Structure formats: structure tokens, C-alpha cells
Amino acid sequence: MQVLGTVLILLISGCAGVVETPPSVASSPEMQLNLAELESRLRDTTAIGAITKLVLGNEASDLMNRFRAQHLDGRTAGVASLRQPYNMFILKLLALTQDRDPNLARSLSDLREVIWGALTDPKTFHALIGH
Amino acid sequence: MSAPARAAALIFPLATFCAGPLTAADDVSLEKDLRSVIILLGLPCDQVVIAEPVADNDHIATCKDGNRYHVFVSADGRVVADSQ
């Protein structure tokens with residue numbers, strides 16, 4: 001039931017369209033700390049098998065390439081069209097972690113909008129990839 | 001790194017898994033790992049009952065429902081599941 005609830009919440013929020021992240025939230029020291037910690041926990045979690053991590057790595061690369069292409073194209077609407085694949089990617093991470101690493105799943109869920117906000121902001125994205 | 005940049009960088013750590021050697025995940029058996037892979041690749045498998053190693057990062061997975069897959073990492077680092 002908890003799994004179903006998580007899936008439904010993600011689907012419903014995904015259908016609501018692009019949600020802007022308030023800059024004050026994204027830049028708060030507390031949030032920075034949480035993001036750094038989350039990055040480390042994603043690398044180290046034993047909730048996701050090694051080969052599965054490879055598949056997710058492939059998917060992450062593909063998704064980043066799609067963001068890169070849309071940002072180069074310069075159309076905001078194009079980036080917004082990646083909301084569904086982004087949600088699906090996060091959903092997969094949640095599905096894989098929620099039972100074996102529920103704290104990580106909760107953190108991922110909490111930071112989902114912050115990550116989306118960074119990926120959709122051209123300035124942040126280009127600074128990140130060095131273009 | 002700013003918070004938004006760090007946030008975007010979160011998606012990269014998963015990509016970096018491709019770069020290093022695979023390490024065993026204590027909590028996930030090989031069978032469960034292979035099932036997750038097969039499902040993530042959009043293929044049917046209710047449960048992996050036999051996982052036969054062929055080589056490093058190369059397995060034959062037999063599912064309870066009779067499906068059988070060759071799961072391996074291709075030369076370009078992508079995980080492939082070929083139906084047998």
C-alpha cells in the first residue's frame with residue numbers, strides 16, 4: 001500500500017507540470033548539505049545491485065544527453081517535455097530503494113523538485129557540464 | 001559548487017558507476033539484481049530462479065515464468081539483456 005501511495009503521488013505531481021523550485025530552498029545551507037549527503041548515499045547504497053546501478057547509469061547518461069540537447073536547442077518547452085522521463089527515472093530509484101533503504105528513498109523524494117529545478121535551469125545546467 | 005549545480009550533479013553519480021569495477025551489494029542477491037536489470041530494460045521476468053555466470057558482468061538469467069536472458073555489459077558500457 002505504501003508503494004502504491006508513493007507511485008500515485010509521483011504520477012499525480014508529474015501530471016501537474018513543471019514545478020519551479022524556490023531559489024531560497026535550493027540555495028539554503030541545509031539543502032546543500034542534504035544534496036551532498038544524498039550524492040554519497042546513492043553511490044554507497046547496498047539497496048541497489050551492482051548491475052542495476054550500471055543500467056541506471058546508462059539511463060542517467062541518456063537523460064542528461066536529452067537535457068543537453070534541449071538546452072542547446074534553447075526552447076524552454078522542450079526541457080519541460082523531459083518531466084515525464086525524469087519522473088520515471090526518479091520513480092525507478094524510489095522503487096529500488098524504498099524497501100531496503102527507506103531513508104534514502106525519502107531523501108530522494110524530498111529533493112526531487114530541487115534536482116529538477118537545477119536540470120531545467122539553462123545557466124545552472126551549462127555551468128555544470130562546462131559549456 | 002552551488003546548490004542547484006550540486007543538485008544537477010546528483011544525476012551524474014549514477015553514470016559514474018559505469019566507470020569503475022562492479023562491487024557486490026550486500027543486500028541484493030545476484031538473482032534480484034538481474035531481475036531488476038531485466039525489468040528496467042522493459043522485459044518480462046517474475047523472478048530470477050537461476051543465475052549462471054558466463055564471465056565477468058555476463059550472466060544467463062532464467063526466470064520462473066520461463067523467460068531466459070543473456071545479461072551482459074557491452075563493449076560501450078551498456079547493459080544488455082538478450083532473450084534466449
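This is a predicted model: local features need pLDDT of at least 70, side-chain atom pairs count only at pLDDT 80 or more; totals for chains, interfaces and linings use all residues.
Let's start with helix 6 of chain A, which covers residues 83–97. With 15 residues, helix 6 reaches 21 Å from its first C-alpha to its last, close to the 21 Å expected at 1.5 Å a residue.

Helix 6 of chain A and helix 3 (30–40) of chain B each supply at least two residues of its lining. The volume comes out at about 490 Å³, and 17 residues line the pocket. Nearest the centre you'll find A95(A) and L96(A) from chain A, along with K32(B), R35(B) and S36(B) from chain B.

Now go back to R83(A), in helix 6 of chain A. Its side chain meets that of E113(A) in a salt bridge, at 2.6 Å from N to O. This pair links distant parts of the chain, since R83(A) sits in helix 6 and E113(A) in helix 7 of chain A, 30 residues apart. Both R83(A) and E113(A) are buried. E113(A) has another partner as well: R112(A) meets E113(A) in a salt bridge at 3.5 Å, N to O. R112(A) is buried, like E113(A). Put together, R83(A), R112(A) and E113(A) are linked in a network of salt bridges.

While we're in helix 7 (residues 102–120) of chain A, have a look at S107(A). Its relative accessibility is 17%, so S107(A) counts as buried. Setting aside neighbours within four places in sequence, S107(A) is in contact with L38(A) and R41(A).

One more salt bridge is worth a stop. R78(B) pairs with D62(A), and the closest N and O atoms are 2.7 Å apart. R78(B) lies in the loop between strand 3 (68–73) and strand 4 (79–83) of chain B, while D62(A) lies in helix 4 (residues 50–73) of chain A, so this pair joins two chains. Over all chains, a search of the whole structure finds five salt bridges.

Notes. Residues are numbered from 1 along each chain as its sequence is written. Chains are lettered from A and ligands numbered from 1 in the order in which they are written. Side-chain values use heavy atoms; hydrogens and water are left out. Helices (H or I, at least four residues) and strands (E, at least two) are DSSP runs, numbered from the N terminus. The expected span of a helix is 1.5 Å times one less than its number of residues. On a 1 Å grid over the protein atoms alone, a cavity is a set of points where a 1.4 Å probe fits but cannot get out, and a pocket is an open set with protein on both sides within 12 Å along at least five of seven lines; lining residues have an atom within 4 Å of a point. Grid points are joined across faces, edges and corners, and a volume is the space filled by probe spheres set on the points. Buried means under 20% relative accessible area, exposed over 50%, partly exposed in between (1.4 Å probe, protein chains only). Contact means heavy atoms within 4.5 Å. A salt bridge is a side-chain nitrogen of Lys or Arg within 4 Å of a carboxyl oxygen of Asp or Glu.
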